[in-house]
Amino acid sequence: MIKKVNIKVLAQDAENIEKIKKLAFYEANVSENKVTDFQITKKSIDSRRLPIKIDIAISLYIGEKAPSLYNPIVFKKSEKQKVLIVGMGPAGLFAGLKLLENGFTPILIERGEKVEDRRKSVAKMIRENQVNERSNYCYGEGGAGAFSDGKLFTRSKKRGNIYEVLSLFVQMGAPSSILTDSHPHLGTDKLPSIIKNIRNTILDNGGEIYYNTKMSDLIIKNDEIIGLKTENNDSFYGPIILATGHSCKDIYQLLYDKNIPLEAKSIAIGVRVEHKQSFIDQVQYKSKNGRGKYLPPAEYRLVSNVNSRGVFSFCMCPGGFVVPSQTEREHCLVNGMSPSTRGGKWANSAIVTEVRVEDLNDDNNPLAMLNFQHDIEKRTYDLVQSGIAAPAQRLQDFVNKVESKDLPQSSYLGPLVSKDLNLIFPKEIGKCLRGGFISFNNKIPGFVNNDAIVIASETRTSSPVRILRDKDTLMSIKGLFPCGEGAGYAGGIVSSALDGINCALAAIRYIS
Ligand SMILES: Cc1cc2nc3c(=O)[nH]c(=O)nc-3n(C[C@H](O)[C@H](O)[C@H](O)COP(=O)(O)OP(=O)(O)OC[C@H]3O[C@@H](n4cnc5c(N)ncnc54)[C@H](O)[C@@H]3O)c2cc1C
C-alpha cells in the first residue's frame, strides 16, 4: 500500500530527513515500524505567506518497496541503419540517444567545437571583445543550452514525457534532485560534463560525431532527402534530423532556396533587466533580511498586458550573468546564465513583448520575422559598434526615455556603453516594454529603480521561422525531420530534447 502525504517545513529543515519522516508518519497516521519505504516525490517553495515553508510531497510504502525514481537505459552497440543529425544542441543530442537506444546509428554533424574547446573560445571572445562566428554561446557541442542557467522547467507537457528527459539527464550525471524539484535547474558549471557524458555514450555505442563541420547543402533525389553536403564538400547519406537551432540564418535561407515549406512565426523581443539579487530576495521573500542562510536565491515571473500585447519576463537567471549571445559580427544581442549555486550578486531576466507576423506587413515572406529580428540586432550593434559591447541604460531612464549619465555595476561579461535603448525598437514595441516595466513596478514595488540596468537586445527568445512538417510523420519532405527550437516546435532545453526524441522515433518509423 502507498500513502501519499504533503508536509510543510521551515527552510532550515528541508534536508532534515529524520524530521521530515516524523512529520510524514504523523500526517499519514501510520506508525514508523509499519513503513517499509519512504520517497520524496516533489519539493517546492511556498512563499505566499510568512514564515516561508518548503512544501514536500512524500510517498510512504507499507509492506512494499518504493520503485527507483528512474531506470537507467542500457544502450547497446548500434548496428542498424544510419540517421544523420545536424546540430548537437539538446534536440540533436537526445535524438542521438533515442536512436542508439533502438539500435540505430546516429551520425552527428556539428558546425562548432567540442564543449571544452568551445569554453576556451567563448572566454577568448570576451577577453578580446571580438565575436567568434563558429564557436560562441549558441554554436558548438551542447548547442545554445551548454552555457546557460540550465533551467529544466517546461510547461509543454503535451509534447511528451518530461520525466524521460530528466531521467536521462540524471543518467548522464545531473543531480537526482532535478527529478523532485518543482523548478529544476543545472547551472553552467554542471552542463559541460553532462554533455561530455552524452558524447561518450554516443561514441562508445557506435555513433559518429563530426565537429567543426557545417552542413551547407541538402542532397535531394526524386523529392526525397537522401543526404547532405558540408562546406568542405564532403557528403553524408541518410535521412536527416535537422536540429540546427534558431540562430542560423544560412540554414533558413538554404531551406527557402530549396522550396522546403516555411512560415514566418511570431516572436518576443525586448531587453535584459538586471537587479541586485539581494533586492529580489527581499521582495520575493518579504523580508528585509533577504533569503537568509537556507532559502535559494529568489526568482520571479511577471506578466502584463499593454495595448493588447503581452509583456513578460523570460528565462530569469537568479544569481547569474548577462552574456553576449550573437552568432554574427556586427550584431548585438544578450542572454542570461547562472552557475549551479546561483550564488552571484545579480538577478537578470529578459523582459520581452510580442511581435506578431501581421505587424510586419510582409505576410507572404516566410523570412520576414527573421529579417526583422536581424534588423533589431544590427540596430543594437550600430549604437555601440564594437565587438561584443552592448548598449545599456538605467531602468528608470529607459522608462523615462532619457540617456543615462552613467551606468550602475553589472554582471555583463563585455563592455557596456550608455545609450537610450528606446532608439532601437519600433515605437509600439518600446511603448509596450516601458508600460510593462511600470506595471511590474506595481507588482514588485521598487522594480523600476535607479540601480537596475537594462541591456539590449533580447531577440532570440524563439524561432522566427517555422519549418512546416506533417504532424504524424514529422517530415517536411520525405527524409527530412525538422527538429527542436530552430524548426519552431520547441522553446527551451527540455522541450527541444523532447522534440529530438520524437523526431528520432519518427525517423525509425520512416526507415522501418
Ligand atoms: C545563454 C543562453 C541561456 C539559456 N538558458 C536556458 C535555460 O536556462 N533553460 C532553457 O530551457 N533554455 C535556455 N536557453 C535556450 C535553450 O538553450 C534552447 O532552447 C535550446 O538549446 C534549443 O535546442 P536545439 O537543440 O533545438 O538548438 P540549439 O541548442 O540551438 O542547437 C543547435 C546546434 O546546431 C548547430 N548548427 C547550426 N547550424 C549548423 C549547420 N549548418 N551545420 C552543423 N551544425 C549546425 C549549432 O552549432 C548548435 O550546436 C538558453 C539559451 C542561451 C543562448
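Two strands count as paired here if DSSP finds at least two bridges between them, and strands themselves are DSSP runs (E, at least two residues; helices are H or I, at least four), numbered from the N terminus. With that in hand, look at Ile85: its bridge partner in strand 10 is Ile241. Strand 4 (residues 82-86) and strand 10 (residues 240-242) pair in the parallel sense, over three bridges.

This is a predicted model, where local features need pLDDT of at least 70, side-chain atom pairs count only at pLDDT 80 or more, and totals for chains, interfaces and linings use all residues. Residues are numbered from 1 along each chain as its sequence is written, and side-chain values use heavy atoms, leaving out hydrogens and water.

Zooming out, the open sheet has five strands in the order 6-5-4-10-22, with parallel pairing. Strand 6 (208-210) and strand 22 (480-482) sit at the edges, each pairing on one side only. From one strand to the next, the twist averages 20 degrees.

## A helix across the sheet

Helix 5 (residues 191-204) lies across strand 5 (105-109) and strand 6, running at about 125 degrees to strand 6. Angles run from 0 to 180 degrees between N-to-C directions, and axes are lines fitted to C-alpha atoms, for helices over the stretch in contact.

## Helix 4 meets helix 11

The axes of helix 4 (residues 162-171) and helix 11 (residues 493-511) come within 9 Å and cross at roughly 100 degrees. Contact (heavy atoms within 4.5 Å) involves Ile162, Glu164, Val165, Leu166 and Phe169 of helix 4, and Ile493, Val494, Ala497, Leu498 and Ile501 of helix 11.
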